[in-house]
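Please look over the sequence and the model shown here before reading the report below.

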Amino acid sequence: MRLTLLLLIALLFQTVTLVQSANSADEIVSFDDPVQREMYYALLKEYRCLKCQNQNLSDSNASLAGDLRREIRDQILAGKNQTDIDDYLVARYGEFVLYRPRFGGKTAVLWIAPFALLVLALGAMVMIIRRHRRPQSDDTPGGEPVAAVQHIDERLEKARRLLKD
Amino acid sequence: MIPELGQFALILALCTAVVLAVVPLAGTITGHTGWMAMARPAAGAQAFFVSLAYACLTWSFVTHDFSVLYVANTSNTSLPLIYRLSGVWGGHEGSILFWCFISALWTAAVAVFSRSLPQVLLARVLSVLGFVSIGFLLFVLWTSNPFERLFPVPIDGASLNPLLQDPGMAIHPPMLYLGYVGFSVAFAFAVAALIGGQLDSATLRWMRPWTNIAWMFLTVGISLGSWWAYNELGWGGWWFWDPVENASFMPWLVGTALIHSLAASEKRGVFKAWTVLLAVLAFSLSLLGTFLVRSGVLTSVHSFAADPTRGLYILLFLGVVVGGSLLLYAVRAHKLTSTASFELVSRESALLLNNILLVVASAAVLLGTLYPLFVDALGYGKMSVGEQYFNAVFVPLMLPILLIVGLGAMLNWKRDKLSGRAVPLAVLGVASIVLAALLATQLLSFKMSAVASLSLAIWVTASTVYGIVHRLRNKRKRLSAVLHTPAAFWGMSIAHVGLAVFTVGVALTSIYTEEQTVRMELNDDHSVGGYTFTFTHLDEVRGANFDAIEARFAVSRGNAELGDISAQKRFYDVRQDTMTEAGIDAGLTRDLFIALGEPLDGGSAWSVRIQTKPFIRWIWLGTLFMAAGGLLAALDRRYRKVGVPSTTSDRTARPAVRSDKNGQGSSASIPVTTRVSVPGGQTGL
Amino acid sequence: MNLLLKLLPLALFVALAGFLAKGLTLDPAELPSPLIDKPAPAFSVARLPRTPEHSGAQDFNSNELAGQVWVLNVWASWCGPCVQEHPYLVRLAQQRSVPLVGLNYKDQPADAQQWLARLGDPFTHLLDDRRGDVGLDWGVYGVPETFVIDHEGRVRYKHVGPVDEAALLEKLIPIIDELQNEAG
């Protein structure tokens, strides 16, 4: 049983192609400072694993992700903040590595458009409601004279009453 | 033999689809009733042939026919039967055939359950559905034929991706496709309405249950996808805003707007043009989703193997269907004017606001999903848009919806006053906040974000319950009143409460999840989120088609022993994939989640990722309520009594007479092609 | 005005379709290097002895190659595509006089030595990046990758993935020639 277990673990090494011996303990980080620990776990979700099909550093098993996690840990322990680490990674891998697009010329539309759209849509809504309010004048924008509609309403009311009896 | 039969059946299906698309539509132009009458039999024939083709492919899977290339790529002799059956839709070619199958079934269903629809309308609707069918059948036959043979025949197949060998994953595509394709029915009606230049309340009443059911399936499908990701992928998350996830979410958002807009259009004759546009958009987004997932244009863990040729075909198809219908909309929508009026404080306004928020949210998701593509196409390089963007944009858009959900459901149509209800509502509002603060502090810990989200969820529930109480308030015989209240009302209430439950799950999990990745050896223990986990056993186990290393952990909280959790690292025989099978201790108030990372120090220790996830089950519970609500609403008796079939011409001027409970007046659709409905006499819903 | 508004959804869709069509010609997985036209990251790293007997050589420093056009190839013995690309690197070394620096990435020296003994050694300098630190500085995310650096120390070209015939003849060699001409 022990032998098969070791064989399975060997198989795991083979399929995952990790070089473990050098980095065995580095994967597992322990921070004394809870603030640093929070920052570490938060940052892992901010960066993209470049080898993967859309995963962040927190979830990825790729060896490059492990290297980057190690690097981020070192930088946090050295007192760097998120901007420093962002810049470090972007200098090497480009903006692609950031899951949170930095606000700038390229991304202004991205960040602003949804709210601009909301404002526009709310404005349209106000106009639509205005158009649908029963106006006091004879001309209804809908194209139907108010009087005619009221006339039909009355006849329907009459019909209803007749049906009820 | 059987695969060739399947291929032949597909060709015949395509022929019938052509007949279905062309002949009835031609009949509406020439006035030839015989041609229009071809619609139903053509729909039936199409369903027969596509079902036959699908059955042939299923047969090839079940009988291990590895001479079929698709079966060889997707199946294996050691694959359990259930996954051979679900493997039919596990790869690209089969899943497109599956789409054709579902589409043919929906089309046939429309043909069967439409005795009361005017012939011209039905002919147009079925023709449109036929066109859509042609597109997909042609796609299968031309670029994605699942019946291609493979010589020499391999002894065994490549097997199904182990990630797909899970019951949740097996049923997730059928549910999704039933939803996507279901929206094609609303789409067909919208196009038929645009062609005919009218959309009357009888037609709208016919459309509502179908759209509700499609929406229900899509809700279930997306929920299953999230459920599967949580249970099978080993990262403990339930939504990543991945492009493929977004591709299914966008039609859902627009579909939700659609079912609400249908209500207003049917009851009051307003927003008809909007309803039509939403129907077109919902189905367009479904098609767009198909494109995104199969074309390789976006990177995703979920996408099928990318093929730009297929992408080009779908894009062209998209261009014809979406472009054509949007052009038709631009030119014909003016015919669908509404004449009814409503005030600022009315259910119509609330629904309008609700729909605007949903559509803007969908647009935001679309923008975020495609933005990297836009930037790259313009030559500005590569960038990523991750969950940070989507959460930042989507959540603020959803908050107002939560505010108005309960409120809108109790407002009267056309004109209402809040003054009479201002005090009870204010009381409910304050009570929600107080209760939220109490619950947060008692159950977890005080955090403003949690209190805010919980307040909203409690508010939705409270206002929904208030609406129910208000509706039943003057009834002497409560039980009889309950039974006489339309199913649609209960469905709506349940769905809205489902939204509240969902919000609780999302908020509390996001805010209070605790996680740590630690190195553990046998007999080590570690504490996360108030629970202690002790590594007790390490074994190897053998599954149906995999070997695994299993780690067992004993869980305790304080002094109480809570049982064991087992987490596995699996090695599948055939594909040599490695999979992480997380150990999950499920609970209504929290999940405990353990995933094995990598072996360390030559295997004497493991990296273990431990998470505590409060109230995460409420997420899927909430979606379950929403789906149940949708189904209940669709089964409302009133939809089945759509009216007397027309024996004379279509243009009979018999207005629909319905008054709602508070005597707000009736709605008349002019011009008129309506049926006299059998009114329930209740507040219009 | 109303017609214009009603045409808006169609107009938006047409724009979207245009982008999607362009998207079909792009590869979302291809990542351009942010180092292009920027100074190459300086580094100092241990050399990898070509045979177990040849150890003890001095560390390599990248400023040794200042003033020259040079090529950096990131490779490993555990990397399948590296086997396919290696003959083309050997050809490059034969056909052009350009320093070829082989960065052995996250590998074991013994495996690397055996691999080179089997497949040939075109490298002017052979370096041991066991932890991948140098690779990290150069933005390496997959193996193999090949960089061309000009005489002023700027990265001018990056090739991701194995070098094949086309890449060698149509990209690498012409760029090397051009840069060496620039150097005068």
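The report that follows takes up the chains in turn and then some elements of chain B.

## Basis of the description

This is a predicted model, in which local features need pLDDT of at least 70 and side-chain atom pairs count only at pLDDT 80 or more, whereas totals for chains, interfaces and linings use all residues. Residues are numbered from 1 along each chain as its sequence is written, while chains are lettered from A and ligands numbered from 1 in the order in which they are written.

## Chain A and its side towards chain C

Chain A has seven helices and zero strands, where helices (H or I, at least four residues) and strands (E, at least two) are DSSP runs numbered from the N terminus. Read from the N terminus, its elements follow the order α-α-α-α-α-α-α. Of the 165 residues in chain A, 25% are buried; a residue is buried if 20 or more other C-beta atoms lie within 10 Å of its own, exposed if 12 or fewer, and partly exposed in between, with C-beta atoms placed from the backbone. Contacts are counted when the C-beta atoms of two residues, placed from the backbone, lie within 7 Å, and among those in chain A between residues at least 6 apart in sequence, 39% join residues at least 24 apart.

Towards chain C, 15 residues of chain A are in contact with 13 residues of chain C. Helix H4 (63–77) and helix H5 (82–93) of chain A each supply at least two residues of the side that touches chain C. That side of chain A is made up of eight nonpolar, three polar and four charged residues, with Ala, Val, Leu, Ile, Met, Phe, Trp, Tyr, Cys and Pro counted as nonpolar, Asp, Glu, Lys and Arg as charged, and the others, Gly among them, as polar.

## Overall form of chain B

Chain B contains 20 helices and nine strands, and its C-alpha trace spans about 85 × 75 × 55 Å along the principal axes. Of the 685 residues of chain B, 58% count as buried, and 74% of the contacts with a separation of 6 or more are between residues 24 or more positions apart.

## Nonpolar cores

A nonpolar core is a set of buried Ala, Val, Leu, Ile, Met, Phe, Trp, Tyr and Cys residues joined through C-beta atoms within 7 Å. The largest has 280 residues, of which B:Ala186, B:Val254, B:Val276 and B:Ala279 touch the most other members. Beyond its neighbours within four places in sequence, B:Val254 is in contact with residues including B:Leu278, B:Leu285 and B:Ser362. A second, separate core of 18 residues includes B:Ala567, B:Ala595, B:Leu596 and B:Val608.

In strand E8 (residues 590–600) of chain B, 11 of its 11 residues are buried. Strand E7 (residues 583–585) of chain B runs antiparallel to E8(B) and is joined to it by three bridges, strands being paired if DSSP finds at least two bridges between them. B:Ile584 has B:Phe593 as its bridge partner in E8(B), and a hairpin of four residues links E7(B) to E8(B).

E8(B) also pairs with strand E9 (residues 605–614) of chain B, in the antiparallel sense and over nine bridges, with B:Leu600 opposite B:Ala605 in E9(B). Four residues lie between E8(B) and E9(B) in their hairpin, and B:Asp601 in the turn has a positive phi of about 50°.
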